[in-house]
Every structure is written in C-alpha cells, then in structure tokens.
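New notebook page, new structure.

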Amino acid sequence: MITETTRFAEDVSALLKTLGVAAKTYTGGTLAVTSPVTGEVIANVVETSAADAKKAIDAAHKAFLDWRVIPAPKRGELVRIFGEELRAHKAELGKLVSIEVGKVTSEGLGEVQEMIDICDFAVGLSRQLYGLTIATERSSHRMMETWQPLGVVGIISAFNFPVAVWAWNAALALVCGDSIVWKPSEKSPLTGLATHALFERALKRYVDEGYDAPAGLSALIIGAREIGEVLVDHEKVALISATGSTAMGRAVGPKLAARFARSILELGGNNAAIVAPTADLDLTLRGVAFAAMGTAGQRCTTLRRLFVHDSVYDTLVPRLKKAYASVKIGNPMEDGTLVGPLIDKLAFDGFEKALSEAKAAGGVVTGGERVTVSGDNSYYVRPAIVEMAKHEGPVLRETFAPILYVLRYSDVKDAIAMQNDVGAGLSSSIFTNDIREAELFMSAAGSDCGIANVNIGTSGAEIGGAFGGEKETGGGRESGSDAWRAYMRRTTNTINFGSTLPLAQGVVFDV
Ligand code: NAD
C-alpha cells in the first residue's frame, strides 16, 4: 500500500550512498527526478553542460587510443570485475530501478540480472573475437579477416530499460576495445549515476589488480535531448547506439548517415501475437497476459495486438478479460503487484487518447480506467483490452501503455499479413501446436520482425540472442549472437609469403 507518508527521497539517498554516488551529483541540480510510484520529486540531478560533454567525448577518444591495444582478454577482466560489483549490489540497484521507473520488484532485479548476464557473455566473448581465413586465388598467399576496435561508442538509452540497455552495449564495446559515453534518459538519471559509480568501483579494482585503464574510458553525460545531440554530432563518436522512440531514430539516423558514422537504432515496436485453433489456451493466457500487461505495457516488446482465430475467440477473450480484471495494480514494490505505474502524465495522456480514438473507430474497451494509488501526481491504470473489428487507427501505432487490441481472423495467412502491416518490426509470436503454421510463421513468408517466437509471448528476450527489429524499429542488433561485430571494424588482410607477385583476376602489369 502507498500511504500519504510513503516517501522515497530518503530511501533514494541511502541507496545512492551505498552504491557510491556522491550527493553533490543529485542535489541542487536542474533536472528534477520524479518517482512514478508516488509522483514525488526524489532528486535534483546536476546536468552536464554541452562544453563538458564535448570534453568527456574528447577524453574518451584519447582513452580509446590506449584501450584498443590492450589484449581483449585483459579488457574482459574489467567487465568480469564489473559483473561482480553488479552481483554484490543487485538488490540496491534493482530497488532503485523500481523507485525511479516504477518496475515491480522482480523486474527491477531482473533488469540487473540482465546486466550480469551480458557481463558474463562479454567476458567469454573477449577470447572469441575471431575472423575468418578465406581461400585465395593466388598461390603462396593467405587472406584473412581481422576485427579491430572501432572508436568511441555513444550510448543513448530510454527510460524503460534504464540500465540494462547500457550494459548490453557497454559490456560488448569494452571487450571490443572501444571507449564509451552514455547519455541515459532524462527520466532515469539516478540509475545511470548508480550504475556508473559501480563501474568506476570496478575500474579502481582493475587498476589495483595491476591492469592499465586509461582515464576517460567511460563517461556519463546527463541531460535531455540537447545533450544527446552533442553526442550524435561529435565527429569523434564512431558509433551511436540509440534506444528510444521511432521519432528519436528519425532525428538521429540522418545526422549519423550525413557524417558516415555507424548507428545501432533500437526503436519502437507494435508487437503482435497470433492465437491459432490448436493453441494451448492455458499457456497462451499466461503468455499474453505477461507480454501485454507486464511493465505496465512499457516495454519495447510489449504485446499490443492480438489476432485470435474465430474458433477459439469466444473461449480465450473472456478468460483474458477475467485476468485483466483481477490483476493487482499498485505499489510495484509490494508483494503480489503485477502492474505498476505509467512513467508520467504524458504517458497517461497518450493512453487516454488512444482509447478514445479506438472507441471512435468502433472499438469495445474493457478496463482502461485510472486507478488511484498515490494521489494526483502518479498515474496508474487498469490495462485495457480493446476489441476491434478492423486493423486501423490507433492499432497501427505504438502507444507506450498497456493497451491490447484484439481482432478475429479465420485464415492464418491473413493474420500474418495484418501482423506485418504496421511500420514497426520488433517482436512477434504465434501460439500453435500445428507445426506447419509455426514453420510458416518463422519462414520467409512469415513474420517480418527481428523476433519471431512460437508458444511464448513477445517480451522477455534473453541476452544470448541478437536483439532488435526491422523497418521503423531501426534495424539494429545488440546483445548476443554476433552483435559484437557492430562495435568493431573489419579489415581484410592478404599476405604474400612467396617470392613472386601474382595479381588478382590474372591482370598482367610487368614493369
Ligand atoms: P525517447 O525517444 O523519448 O527517448 C530516448 C532517448 O533518446 C532519451 O535519452 C532522449 O533524451 C534521447 N533523445 C530523444 N531525442 C533525441 C535526439 N534528437 N538526439 C539525441 N537524443 C535524443 O524514448 P522513451 O520515451 O525514453 O522510451 C520509450 C521508447 O523507446 C518506446 O518507443 C520504446 O518502444 C522504445 N524502446 C525501444 C527499445 C528497443 O530495443 N527497440 C528498447 C527500449 C525502448
């Protein structure tokens, strides 16, 4: 329960102190941070000036020149130590995530676990940054690929995964030999400060163990869009990994293209699931409920559209409505709560706007009302199910709130076509026990998303796979598989160990 006396400012100061953050960085500054749980201001963070941001980027570039020549497994040792710091402080950092962005306890902790997992992955990767040896057409020659460090990596992150997304990028970039500069969301700078303080602890331990780490290897710059623009525009930033809305990607992408910098764009999603006639409906119910309502609908992979086959619609949808009516909404740190608050008023306004547009288009709304948990400045809602006759209007865009649009279908090909008929292309699922349908869904004629699941929901990716989506989701991939290659540059080397100089393609050039 949240009472009039539930206040987090003191908890936050204690947590930040334990995590090693200096009080001067979050008191008396110009960036007010509000906890969505209570709507109270919990800190006033000091923002980075444009001049200081540029200095941090220049320092990161200098650091890169030294870091790139340190052997990768030794760079991995830094990430290994950082993983230890995260393990030791998982409870505190997880709680801070819950207070700052309103995630339920298990999701706050889960976010830190994801950081630990990617550190483990990156440590192993630090001994596996290998390239190919390729057959050459010339005798006494060898051709191979070598992967080299890239440069300064700028990381821009969104509020809804305030720390994990940084770790996905940072852990890989560091073992790949890059330096990093991070601009967290202006809605979640405290978890940014805390994460970076833990990283600095790890750096100190690394140096104490006798390893070299250049000053400026990792920097944190705090502020809103303008400070992100400094990072995007700086010629010494070789790669920007930007996570956020498609609108942000539209602003950032062309600027990077204009200066031929690399980008990893991880943007909005409008994810769908198909429920086929053979689906296991108990499993489907859980999968849909978590994917659609978890994190109060504020995941990029949140399930937003559900296509249900005619033959199971009247069984599944009433059960789903029952689950929606009974789900516990409230203080995310209280046992049993599954749905916490929306991040702010803007998110609540977007939720209401989408629901009224859907109603105007003939949609039938169940749920969707505001729930009072803690006064006027926090925004809790009952997740909404909207039954739609047509795939149109607000259904076609991402509203970053818990709205699930439900539509009927009778032919799986039509369902797949509808699921693909939106701008975004992040995550998708099919619930079926029919192998033909499952394979069709994952085939070239199936889902056009970066993630296509069978019998699990759209959200909750593991770090081992490459994460990202197509079309308006931006096309970037990060985290596992071979996503590390985006943080390195590839060189092709041809070595002649003979005493003649045969030219490729049989060209003759005798001088
Ligand atoms: P947002 O676009 O408002 O902000 C994201 C970040 O971009 C913030 O740090 C912001 O300051 C910065 N930013 C905004 N405009 C910028 C500009 N022109 N130049 C430089 N930086 C700029 O997003 P949000 O509200 O924080 O997050 C929600 C959105 O993020 C949703 O659309 C969600 O789907 C998406 N998201 C995507 C993924 C993914 O991996 N695909 C993951 C998490 C969130």
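My entries below go from one listed site to the sheet around it.

I'm working with a predicted model, where local features need pLDDT of at least 70, side-chain atom pairs count only at pLDDT 80 or more, and totals for chains, interfaces and linings use all residues. Residues are numbered from 1 along each chain as its sequence is written.

Entry one: the site. I checked UniProt, and its unreviewed entry lists Glu266 for "active site". UniProt positions are given in the numbering used here, feature names are shortened, and such annotations may be inferred rather than shown by experiment. I found Glu266 in strand β9 (residues 262-266). Strands (E, at least two residues) and helices (H or I, at least four) are DSSP runs, numbered from the N terminus.

Is Glu266 buried or exposed? I get buried, because 30 other C-beta atoms lie within 10 Å; the cut-off for buried is 20 or more within 10 Å of the residue's own, with C-beta atoms placed from the backbone. Leaving out residues up to four places away in sequence, Glu266 touches Thr243, Gly468, Gly474, Gly476 and Glu478. Contact here is C-beta atoms, placed from the backbone, within 7 Å.

Entry two: the sheet. I traced an open sheet of 5 strands with parallel pairing, in the order β7-β6-β5-β8-β9. At the edges sit β7 (218-220) and β9, each pairing on one side only. Two strands pair if DSSP finds at least two bridges between them. I then looked at β5 (residues 152-156) and β8 (residues 237-243), which run parallel and are joined by 5 bridges. Val153 has Leu239 in β8 as its bridge partner.

Definitions and conventions:
Buried ≥ 20, exposed ≤ 12 C-beta atoms within 10 Å, placed from the backbone. Contact = placed C-beta atoms within 7 Å.
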